[in-house]
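I am opening a notebook page on a structure that I have not read before. The entries follow the order in which I looked things up.

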Amino acid sequence: MSSLHMEFDVAGNNFVSAGSASDEVKSKLKSIGIDPTIIRKVAIGMYEGEINMVIHAGGGRAIVDLYADYIDVLLKDEGPGIADIELAMQDGYSTAPEAIRDLGFGAGMGLPNMKRFTDEFNLQSEVGVGTEVRMRVYF
Amino acid sequence: MDKSMHTVTLDYDKCKGCVSCMKRCPTEAIRVRNGKAKVLYERCIGCGECVRRCPHQAKLPAYDKFETIKNFKYKIALPAPSLYGQFNNLDSIDRVLNGLIKIGFDEVFEVSAGAELITDATHRMIAQDNLKMPIINSACPAVVELINMCFKSLKGNLLQIKAPVDVAAQIARENAIKRGIPASDIGVFFISPCPAKVFALKTGMCFKKPIIDGVLAISEVYFKLNEVLKDLVDIKPLAKSGSQGINWGVTGGEAEGTNMDRYLAADGVENVLQVLHDMENGKLDYIDFVELNACPGGCVGGVLNIENPFVARARIRNLKSKLKNKVSSFEEVNKPLDFYRWEEQLEVKNVFALDDNRVLALHKMEEIEKILETLPMLDCGSCGAPSCRAFAEDVVNGEVDKDGCVRKEK
């Protein structure tokens with residue numbers, strides 16, 4: 001069975017390059033003819049995740065596995081971790097600093113949107129160790 | 001649709017086979033084969049970027065020769081707003097419009113007047129229709145093609161409204177017929193800043209049938225006008241449009257007319273690509289209206305103009321300040337909204353998928369990645385493809401031999 005493995009470094013504190021991994025994955029999905037509405041789901045899920053790692057974790061890695069029927073996205077960082085996951089998953093809850101919000105980010109919709117736009121969503125986090133988000137979208 | 005119709009052709013003798021056009025094509029639609037640039041027309045969006053980038057003037061934008069107007073007894077000119085930006089110290093639009101009559105046209109209908117009707121129809125559409133936000137304008141045919149081919153998830157955001165020239169052409173023709181001029185005598189000619197419009201108008205993009213008889217280049221008409229303008233006497237009042245319509249010639253002009261405060265205007269095809277990526281990532285959800293123009297500065301940056309876009313833009317601003325009215329009043333304004341809507345949906349295009357079958361496409365992608373590991377990743381273009389990835393794709397698609405890389409260490 002064919003599959004494609006991709007890994008991306010997501011640089012910390014760089015809002016300009018954030019989203020480049022998402023753009024790359026989008027172009028791959030277009031090349032294999034995935035439905036545009038599904039591409040959009042993957043794009044939003046991944047982009048929000050990249051931004052999260054930029055804002056909160058000083059960067060991280062995006063590991064993507066593309067199969068004929070679905071795509072797996074793993075976002076891994078060694079940031080401060082999330083103390084209260086349930087609270088972090090609520091719409092509008094944000095711990096982003098004021099300066100970041102002034103840039104138009106950190107509205108507290110990142111994690112909820114990632115969950116909303118993907119078919120499977122799993123978040124593991126340990127304070128002081130880091131966070132791992134696994135997302136799957138079926139085609 | 002006439003498949004042989006293209007926006008750009010090649011002057012074979014002038015093309016040196018350099019990589020300038022190929023490297024800048026936003027859809028990777030150019031290859032250099034046998035020492036000459038070859039356009040993969042099914043991927044071409046008609047943006048004119050290759051014409052702009054060619055250092056040897058080998059890329060020829062398509063347009064009709066001025067003489068073609070002689071094929072019709074009754075000739076109607078539709079001047080684009082950017083035409084006015086070509087002239088220095090222009091004090092009124094009437095001067096240019098009278099000049100057009102002098103060089104052989106029987107009637108003029110300003111595209112800027114069509115633009116004002118579109119602005120009015122846009123207001124009505126926003127009020128009545130449940131439009132998907134943010135709205136993307138559809139006046140630039142190259143942008144519409146780009147979205148249609150490469151950003152399909154945003155197709156639903158396109159404002160499905162005709163372009164100013166479309167409306168101008170339809171109304172001008174209707175009016176002439178109403179005045180008793182035989183339909184077969186009427187020739188309607190757009191005086192255009194860009195070759196993308198040639199393609200859109202002649203193939204009838206979003207129309208059941210083509211609505212224009214010819215697309216003339218501003219660059220050609222300019223010289224004919226220049227000869228007659230200085231000696232022009234007895235200037236008749238022909239101009240109808242106000243400053244709002246003229247403003248469509250520059251980037252942001254259409255968006256300003258919508259009266260939506262949260263708008264974004266981007267011009268230049270690379271910037272347009274960036275905005276479309278951001279939109280697809282859900283990054284621009286706080287914007288209501290997105291105006292995109294493939295040419296730098298908007299239509300004044302089209303490759304069929306004479307002046308550089310910044311000068312033309314300054315002139316249009318100056319001309320606007322001299323116009324008394326913001327918008328003209330037309331009886332046509334009362335036309336039902338359906339008159340302004342697209343008559344047909346965009347043709348579905350699937351040119352960037354590696355294969356119609358997803359499993360085979362993924363297999364091809366695996367092959368591409370394997371080939372990429374053997375390539376130097378310099379994107380030098382020497383093989384005739386714009387990037388190492390594009391070369392690998394061409395190999396997998398059986399277009400070129402895998403030994404075509406000239407920089408690979410053997």
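**Entry 1**

I began with strand β2 (residues 59–66) of chain A, where I found a covered face made of Gly60(A), Ala62(A), Val64(A) and Leu66(A), and an uncovered face made of Gly59(A), Arg61(A), Ile63(A) and Asp65(A). I note at the outset that this is a predicted model.

I then looked up the partners of β2(A). Eight bridges join β1(A) to β2(A), and the two run antiparallel; in this pairing Phe8(A) has Ala62(A) as its bridge partner. Towards strand β3 (residues 70–77) of chain A I found six bridges, again with the strands running antiparallel, and here Ala62(A) stands opposite Leu75(A).

**Entry 1: the whole sheet**

In which order do the five strands of chain A lie in the sheet? I read the order as β1-β2-β3-β5-β4, in an open sheet with antiparallel pairing. Because β1 (4–11) and β4 (120–126) of chain A stand at the edges and have a single partner strand each, one side of each is left without a neighbour in the sheet. On average, and with direction ignored, neighbouring strands of this sheet are turned by 10 degrees against each other.

The partner of β4(A) is strand β5 (residues 130–138) of chain A, and seven bridges hold this pair in the antiparallel sense. Within the pair I marked Leu123(A), which stands opposite Val133(A) in β5(A).

**Entry 2: chain A as a whole**

Stepping back, I recorded five helices and five strands in chain A, and from the N terminus on its elements run β-α-α-β-β-α-α-α-β-β. The radius of gyration of chain A is 14 Å, close to the 14 Å that the globule rule gives for 139 residues, so the chain is as compact as a globular protein of that length. Along the principal axes, its C-alpha atoms fill a box of roughly 45 × 30 × 25 Å. Of the 139 residues in chain A, 37% are buried. I also noted that, among the contacts in chain A with a separation of 6 or more, 61% are between residues 24 or more positions apart.

**Entry 3: where the chains touch**

**Entry 4: two places in chain B**

In chain B I turned to helix α7 (residues 196–203), where seven of the eight residues are buried, so the helix is largely enclosed by the rest of the structure. Among the buried residues of α7(B) are Val198(B), Phe199(B) and Leu201(B). What covers them includes α5 (141–150), α6 (164–178), β8 (186–192) and β9 (214–217) of chain B.

My last stop was Arg52(B), which is found in helix α2 (residues 49–53) of chain B.

Notes: Residues are numbered from 1 along each chain as its sequence is written. Chains are lettered from A and ligands numbered from 1 in the order in which they are written. This is a predicted model: local features need pLDDT of at least 70, side-chain atom pairs count only at pLDDT 80 or more; totals for chains, interfaces and linings use all residues. Two strands pair if DSSP finds at least two bridges between them. Helices (H or I, at least four residues) and strands (E, at least two) are DSSP runs, numbered from the N terminus. Axes are lines fitted to C-alpha atoms, for helices over the stretch in contact, and angles run from 0 to 180 degrees between N-to-C directions. A residue is buried if 20 or more other C-beta atoms lie within 10 Å of its own, exposed if 12 or fewer, and partly exposed in between; C-beta atoms are placed from the backbone. Two residues are in contact if their C-beta atoms, placed from the backbone, lie within 7 Å. The radius of gyration is taken over C-alpha atoms; the globule rule is 2.2 Å times the number of residues to the power 0.38.
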